[in-house]
Amino acid sequence: MHRPFSLEGRLAAAAFGAAFVAVALLAALAATGQPLSLAVVLSLAAALAAAIGGASWAWRPAGDGLRGIADGVRGFSENDFGFRLAEGRDDEIGALVALFNRMGDVLRTGRREVFERELLLDAVLQGAPMAILLLNGRDRVVYANAAARRMFAGRGRLAGLPLGEVEAPCAALRDALGAGVDATVAGRVPGREEETWKIVFRSFHLHTQRHRLVVVETLTGDVRRQELDAWRKVIRVVSHEVNNSLAPVSSLVHSARLAAASPRHAGRLEEILATIDERVRHLSRFLEGYATLARIPAPAPEPVLWAAFLESVRRAVPFRVEGVPAPAAAVFDPAQIQQVLLNLLKNAAEAGSPAGEIAVSVEPAADGGSVLRVLDRGAGMDEDAMRRAALPLSSAARAGRGLGLPLCAEILAAHGGTLTLGARPGGGTVATCALPGRAARAAAAAG
């Protein structure tokens with residue numbers, strides 16, 4: 001049921017009025033004896049004029065209302081939700097105007113709530129201690145919080161920079177960001193002690209476009225505390241092992257004295273001394289493992305061809321070579337880096353990786369050095385395990401003492417390089433050994 005003065009009623013009234021005028025004119029002309037054809041023409045002309053006038057009268061308020069609504073929608077498209085139309089009409093245009101105003105109220109309220117949430121989120125992100133970068137689909141920075149600006153302060157403005165041009169505080173962190181996978185990396189910042197960072201990458205879609213969130217958290221304090229806990233554990237383990245060996249040795253020495261003093265037991269003297277010798281050798285081997293960390297000799301770098309070097313290691317431990325090693329010679333201590341590679345391959349096998357899935361790759365680095373990677377398909381390591389991996393006694397191997405990765409890290413540090421552990425896409429672990437070039441080593445030594 002329509003309102004009495006609806007737009008439809010107005011147009012119907014205009015049409016009825018035009019028809020009535022036409023009939024009246026026809027009747028008048030017929031009464032005067034004028035030819036019917038002329039009467040028809042005149043009647044139609046009069047009816048048309050009346051229809052045009054009536055339609056214009058009926059449409060004028062509708063046109064004004066629709067133009068106002070069009071202006072308001074245009075304002076909405078430009079995020080101006082304060083536009084309102086005057087109400088008071090009791091027809092379809094009036095109902096549409098009221099609906100438009102209610103929609104404007106809802107949009108303005110929603111926009112205010114979104115703005116308040118954005119302010120809250122920005123305050124939280126700006127106050128976060130970790131560096132946070134938001135990258136668009138082209139890996140360009142579209143957002144950086146205060147911690148990110150402090151960490152990557154080499155460039156005054158981060159927004160719009162490609163991730164590869166973000167100036168990291170050290171080469172190890174820059175390489176880890178370029179790899180694009182979750183990792184824990186340690187590196188030395190000029191003028192400061194070695195620091196450790198955890199890097200996390202997450203992908204999501206924003207406005208149908210793929211984005212990546214990069215979070216870089218400084219773990220140096222946590223690592224220092226874990227190192228202290230680890231060395232306390234070292235002391236407890238060494239003390240326990242020494243006591244376990246010295247107690248029976250002390251008892252055996254007493255027995256040896258008794259045997260030496262009694263000719264009747266002299267035959268047992270050799271057996272007792274052999275047992276003492278075995279316990280001393282065991283204790284010596286145990287302590288030797290820890291002593292190795294404290295007396296790694298200075299590396300003796302020399303030119304080494306990667307292809308020949310990897311082939312020599314493959315004769316001892318099988319693995320697959322990914323890609324083609326660079327033909328140019330690298331400069332490092334082959335004996336020490338071989339020890340690093342053997343330890344990493346051993347860890348890959350102990351992690352449960354099939355032998356055919358253990359691979360080694362070598363790529364040139366931007367500073368003229370090399371990047372050596374050991375990849376496996378083992379059980380992998382969670383973030384906490386990667387953070388603790390370079391600490392002594394962190395090994396999960398039942399028979400191991402957990403010295404392999406700390407030893408690798410120390411050897412690489414002596415070369416001016418770094419050891420980084422990360423998750424391998426598809427499962428497993430990637431151990432990345434960065435060996436700097438001659439010029440980078442000289443600059444680090446000078447600094």
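The points below are grouped by topic, after a note on the source. This is a predicted model, in which local features need pLDDT of at least 70 and side-chain atom pairs count only at pLDDT 80 or more, while totals for chains, interfaces and linings use all residues. Residues are numbered from 1 along each chain as its sequence is written, and side-chain values use heavy atoms, with hydrogens and water left out.

**Sheet**

- An open sheet of mixed pairing is formed by 10 strands in the order β2-β1-β5-β4-β3-β11-β12-β10-β9-β7 (strands are DSSP E runs of at least two residues, helices are H or I runs of at least four, both numbered from the N terminus; two strands pair if DSSP finds at least two bridges between them).
- The edges are β2 (141–144) and β7 (320–322); each has a single partner strand, so one side of each is left without a neighbour in the sheet.
- On average, neighbouring strands of this sheet are turned by 20 degrees against each other, direction ignored.

- Strand β1 (residues 131–135) is largely enclosed by the rest of the structure, because 5 of its 5 residues are buried (under 20% relative accessible area; exposed is over 50%, partly exposed in between; 1.4 Å probe, protein chains only).
- Ala 131, Leu 133 and Leu 135 point one way from β1, Ile 132 and Leu 134 the other way, and all are buried.
- With strand β5 (residues 209–218), β1 pairs in the antiparallel sense over 5 bridges; Ala 131 stands opposite Val 216 in β5.
- β1 and β2 run antiparallel and are joined by 3 bridges, with Val 141 in β2 as the bridge partner of Leu 135.
- These two strands, β1 and β2, form a hairpin with 5 residues between them, and Asp 139 in the turn has a positive phi of about 60 degrees.

- Strand β11 (residues 418–423) pairs with strand β12 (residues 429–435) in the antiparallel sense over 6 bridges; Thr 418 stands opposite Ala 434 in β12.
- Helix α11 (residues 404–414) packs on the sheet and touches β11 and β12 (contact means heavy atoms within 4.5 Å); its direction makes about 135 degrees with that of β11.
- Helix α9 (residues 334–350) lies across β9 (359–364), β10 (370–375) and β12, running at about 25 degrees to β10 (axes are lines fitted to C-alpha atoms, for helices over the stretch in contact, with angles from 0 to 180 degrees between N-to-C directions).

**Residue Leu 96**

- Leu 96 is in helix α3 (residues 92–127) and is partly exposed, with a relative accessible area of 37%.
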